[in-house]
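Student: Please walk me through this model. Where do I begin?

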Amino acid sequence: MIKTLFVRIFFFLYCMTVAIPAFPCTGITFNAKDGSHVVARTIEWGGSFLNSCYVVVPRGYTQQSYIPGGSTDGMVFTSRYGYVGFAVEQKEFVAEGLNEAGLSAGLFYFPNYGEYEAYDPGQKSSTISDLQLVSWVLGNFGSVEEVKSGIGSVRIVGLDSAASTVHWRFADATGKQIVLEIIDGKLCFYDNELGVLTNSPGFDWQITNLNNYVNLSPGSAPADKLGEISLAPFGAGSGFLGLPGDVTPPSRFVRAAFYQTSVSRPDNALGAVLASFQILNNFDIPTGIEFSRNQTPTPMPSATQWTSATDMTNRMIYYRTMYNSSIRCIKLESINFSRTKFIVKPLDSVRQQPIFYIDIK
């Protein structure tokens, strides 16, 4: 059992080091008219099925971090807050989640950028793996400010020095949102007022890059003349001519930023959740486009294995998957985190899109 677990972990990490399609995640944010705050994101992995599951973690639940080499000999941590998380590959690796205080946390792939502290065996009792940081944060903090002040007490390391780094998004029920990147072993926090996040390069570069698209605007471009030739738009939306449509992180960042800021502001949290799923439809990645012509795509419906939306205001977390586009919701207020046991369930009980037939008589 332990050997099999280690093999799965290190195969997963190996895939993060080589030219196998990885985690081109896209995150967006909505602040509704009624004051509700919602974050949403996709998670992609084109190399294999992620065995994604949801976990329900009670207050008082104790975990121990993995350390380089694969053993669970790192920091021991116990949850002050209960939370629900979406884990990838195994239950300890929570990629996105929400706790009962309304704090949201998620990790995003960050290849070729960032650098963690070097692992020091003498400090393993305060060392946590990057893939378990979301779990520790959700279990111990209730706000973004608490995250910023408390996260310096731990040493964050990767399980394999050759594997990619990640960066993180944290948001709370007040609407405050930050991005954490570890550069040269130092914690770097960025206020994320835009509410968009993808992958590499770094967050500050992505914000600067938006200036390259200052000509874009919603609606239609005005008619014009080129010499004696009259020019007019072919259809609606020509103000976005030049919006990048590829799936690279900089292009997805730009596209997400313009889509998110161009739609009507939702009235309430549910409207924000539904708007998030509609926008993130545009970021679903077919498995075939991530592989070159001489490679065989993974036999999955999509590289976008699941999409989630988190309502921090009402403590609700939603998801849909590549196998089932129906939106499902977990209400944290319905969970007694002082009495529930640790729960782990697959995101899909059946890996098949349900079809409902209409009986016409």
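**Reading burial, rings and contacts**

Tutor: Y113 is partly exposed, with 39% relative accessible area. Buried means under 20%, exposed means over 50%, and partly exposed lies in between (1.4 Å probe, protein chains only). The model is predicted: local features need pLDDT of at least 70, side-chain atom pairs need pLDDT 80 or more, and totals for chains, interfaces and linings use all residues. Numbering runs from 1 along each chain as its sequence is written, and side-chain values use heavy atoms, without hydrogens and water.

Student: Is F110 buried or exposed?

Tutor: F110 counts as buried, with 1% relative accessibility.

Student: How many aromatic pairs are there?

Tutor: Start with the rule. Rings of Phe, Tyr and Trp (its six-membered ring) pair if their centres lie within 6.5 Å; planes under 30 degrees apart are stacked, over 60 edge-to-face, and the rest tilted. The count comes to twelve aromatic pairs. One of them is F110 with Y113, at 6.0 Å centre to centre and 35 degrees between the planes, hence tilted.

Student: What kind of pair do F240 and F258 form?

Tutor: The pair is edge-to-face, because the planes stand at 80 degrees, with the ring centres 5.6 Å apart. F240 sits in the loop between β15 (229-231) and α5, while F258 is in helix α5, so the pair ties together parts 18 residues apart in sequence. Such elements are DSSP runs, numbered from the N terminus: helices are H or I with at least four residues, strands are E with at least two. F240 is buried at 18% relative accessibility. F258 is buried too, at 15%. Elsewhere, ring pairs join F86, W306 and Y319 into a cluster.

Student: What does the UniProt annotation cover?

Tutor: An unreviewed UniProt entry places the annotation "domain: Choloylglycine hydrolase/NAAA C-terminal" on residues 25-340. UniProt positions follow the numbering used here, feature names are shortened, and annotations may be inferred rather than shown by experiment. In the model, this span is 15% helix and 29% strand. The end C-alpha atoms of residues 25-340 lie 31 Å apart.

Student: Which residues of α6 are buried?

Tutor: They are A269, A272, V273, S276, F277, I279 and L280. Down the axis of α6, these buried residues fall within an arc of 165 degrees, so they line one face of the helix. The arc is taken over the directions from the helix axis to the C-beta atoms.

Student: What covers the buried residues of α6?

Tutor: The cover includes β1 (27-31), β2 (37-44), α5 (249-262), β16 (304-311) and β17 (316-321). Contact means heavy atoms within 4.5 Å.

Student: Which atoms meet at the start of α6?

Tutor: A side-chain oxygen of N268 comes to within 3.4 Å of the backbone nitrogen of L270. A polar contact is a pair of N or O atoms within 3.5 Å; within protein, one must be able to donate a hydrogen and the other to accept it, and residues adjacent in sequence count only if both atoms are side-chain atoms.

Student: How many residues of helix α2 are buried?

Tutor: Eight of the eight residues of α2 (residues 133-140) are buried, so the helix is largely enclosed by the rest of the structure.

Student: Where is A32 found?

Tutor: A32 is in the loop between β1 and β2. A32 is buried at 1% relative accessibility. Beyond four places in sequence, A32 touches R265, P266, D267, N268 and A269.

Student: Where is H37 placed?

Tutor: H37 is in strand β2, and is buried at 13% relative accessible area. A polar atom of the H37 side chain lies 3.2 Å from the backbone oxygen of G35.

Student: Where is E44 found?

Tutor: E44 is also in strand β2. E44 is buried at 0% relative accessibility. The E44 side chain makes a polar contact with the T42 side chain (3.1 Å), and another of 2.7 Å joins the side chains of E44 and T304. E44 and F283 are 239 residues apart in sequence, yet 9.8 Å apart in space, C-alpha to C-alpha.
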